[in-house]
Amino acid sequence: MTKQSSQNICQPELRTAFTTERDEQVAVDQLLQQLNWPGLNFVLFFCSAEYQLDRLAKAFQQGFKDLLVVGCTTAGEITVEGYGQGCISAIGFSREAFAVSGRLISSLEHFDFNDAQGVVEQLSEQCLEQQVAPIKDHSFALTLFDGLSTQEEKVLVTLDSALGSIPHFGGSAGDDICLANTHVYFDGAFHTNAAVIILINTSCEFRVFSGHHMESRDTKLVVTEADSEQRRVLELNAEPAAIEYSRIVGVPVDELNHESFALNPIAVRIGDEYFVRSIQSVNDDLSLTFYCAVESGIVLTLMEPGEMISKLDQQLTREEEALGEHLLTLGCDCFLRRLEAQIRGKSEPVSQLLQRHRVVGFNTYGEQIDGMHVNQTFTGVAIGRKS
């Protein structure tokens with residue numbers, strides 16, 4: 001039995017939609033039915049990688065023709081009813097309150113500061129033509145990356161410089177933890193080794209934020225050998241990386257998996273804050289592959305999960321209360337956080353929390369916040385009514 005939400009947000013500024021329909025054409029028809037109103041200007045969607053993406057792309061192109069539509073595949077969806085799996089979650093933005101422009105970056109490895117500057121100028125000009133609000137203090141940027149491209153750090157640094165004071169967040173596309181094919185959607189097609197940059201200029205109040213629930217422990221690990229381009233750490237504390245990590249977390253090497261990594265994360269400290277660098281896999285040579293780049297010589301700290309539910313509730317409440325009237329939060333939530341909730345039997349309470357706070361988004365292979373690529377983090381934007 002397929003499902004459409006009966007709890008969709010329907011406001012003059014934006015609307016939400018989701019469907020569990022497995023037929024791509026029917027699924028898009030259902031989304032169109034939920035989002036099709038005269039003020040619709042932009043559609044953002046998050047879909048399971050289980051769909052036949054060529055058929056889904058064609059259905060989106062035909063159903064939402066003449067509209068800017070952007071999306072990506074996920075490691076799990078977040079709908080207005082909480083966690084979803086194997087479905088499509090979407091948000092529609094009105095032309096009255098949102099001016100939106102987007103650009104596909106199809107050659108990530110060659111993206112430099114001049115490219116970033118040109119993209120930001122072009123996106124800003126396109127938004128200004130829609131005459132919704134001044135760019136300064138009324139805009140934020142959203143990025144969606146191919147989650148297996150390994151190019152986030154390089155692109156984000158240059159993009160952040162070009163954006164200047166414009167806040168930015170985003171997420172890396174997933175594929176239901178298969179680690180095989182992750183895609184972003186732009187201009188009627190799904191793309192790999194690519195990213196989409198979206199500039200959202202709005203008359204609504206908003207707050208971009210990021211946070212996690214990890215707490216530091218006393219154990220330190222020095223990265224003594226690494227291949228940062230491949231995101232591989234060969235040695236920790238001058239020992240084979242997998243063996244040393246296995247020793248400090250107390251899990252045999254042959255039993256290390258996503259669950260071990262979710263419950264025993266490691267982080268780099270920058271100032272007074274810790275930023276998680278999540279492990280993706282153990283390799284045959286006993287090196288570790290990470291979801292973020294890790295450089296030789298840095299010191300990593302072993303972390304442990306704190307209280308996810310209370311921390312997330314506090315953070316979302318704080319952002320919402322800073323707005324005049326909260327409408328929706330667009331969230332990029334690491335799939336390892338969702339996995340941790342499943343391991344601890346907290347999936348339903350977390351799902352209910354997300355529903356209560358009107359969070360819509362997806363579970364990612366990495367999160368982005370103001371030029372940084374991070375893991376096991378919740379990043380997003382809380383959107384309020386027009387100011």
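Analyst: Let's start with contact, which means heavy atoms within 4.5 Å. This is a predicted model, where local features need pLDDT of at least 70, side-chain atom pairs count only at pLDDT 80 or more, and totals for chains, interfaces and linings use all residues. Numbering runs from 1 along each chain as its sequence is written, and side-chain values use heavy atoms, with hydrogens and water left out.

User: Okay, α3 then. What do the buried residues of α3 pack against?

Analyst: They pack against β7 (98–105), α4 and β12 (195–202). Those labels are DSSP runs numbered from the N terminus, helices being H or I with at least four residues and strands E with at least two.

User: Which residues of α3 are the buried ones?

Analyst: Ala 116, Val 119, Val 120, Leu 123, Ser 124 and Cys 127. Buried means under 20% relative accessible area, exposed over 50%, and partly exposed in between (1.4 Å probe, protein chains only).

User: How do you know what span to expect for helix α7?

Analyst: Take 1.5 Å times one less than the number of residues. For the 14 residues of α7 (residues 308–321) that gives 20 Å, and the end C-alpha atoms are 20 Å apart, so the two agree. As for its buried residues, they are Met 308, Leu 312, Gln 315, Leu 316, Glu 319 and Glu 320. These cover an arc of only 130 degrees around the axis, which puts them on the same side of α7. Their packing partners include α8 (335–343), α9 (347–356) and β26 (378–386).

User: How do the axes of α7 and α9 cross?

Analyst: They come within 10 Å and cross at roughly 5 degrees. That makes α7 roughly parallel to α9, since angles under 35 degrees get that name, over 145 is roughly antiparallel, 65 to 115 roughly perpendicular, and the rest oblique. The axes are lines fitted to C-alpha atoms, for helices over the stretch in contact, with angles from 0 to 180 degrees between N-to-C directions.

User: Which residues meet there?

Analyst: From α7 it's Met 308, Ile 309, Leu 312 and Asp 313, and from α9 it's Pro 349, Val 350, Leu 353, Leu 354 and Arg 356. By class, the contact of α7 with α9 has seven nonpolar, no polar and two charged residues. Ala, Val, Leu, Ile, Met, Phe, Trp, Tyr, Cys and Pro count as nonpolar, Asp, Glu, Lys and Arg as charged, and the others, Gly among them, as polar.

User: How do you know that the span of helix α4 agrees with what it should be?

Analyst: At 1.5 Å a residue, the 12 residues of α4 (residues 152–163) should span 16 Å, and the end C-alpha atoms are 16 Å apart, so it checks out. Several residues of α4 are buried, among them Val 155, Leu 159 and Leu 163. Just after α4, Gly 164 takes a positive phi of about 60 degrees.

User: What makes the phi of Asp 187 worth a look?

Analyst: Most residues other than glycine have a negative phi. Asp 187 has a positive one, near 55 degrees, in the loop between β10 and β11 (189–191). At 67% relative accessibility, Asp 187 counts as exposed. Asp 137 isn't a glycine either, and has a positive phi of about 70 degrees. Asp 137 lies in the loop between α3 (113–129) and β8 (139–145), and its 64% relative accessibility makes it exposed.

Methods: Arc of directions from axis to C-beta.
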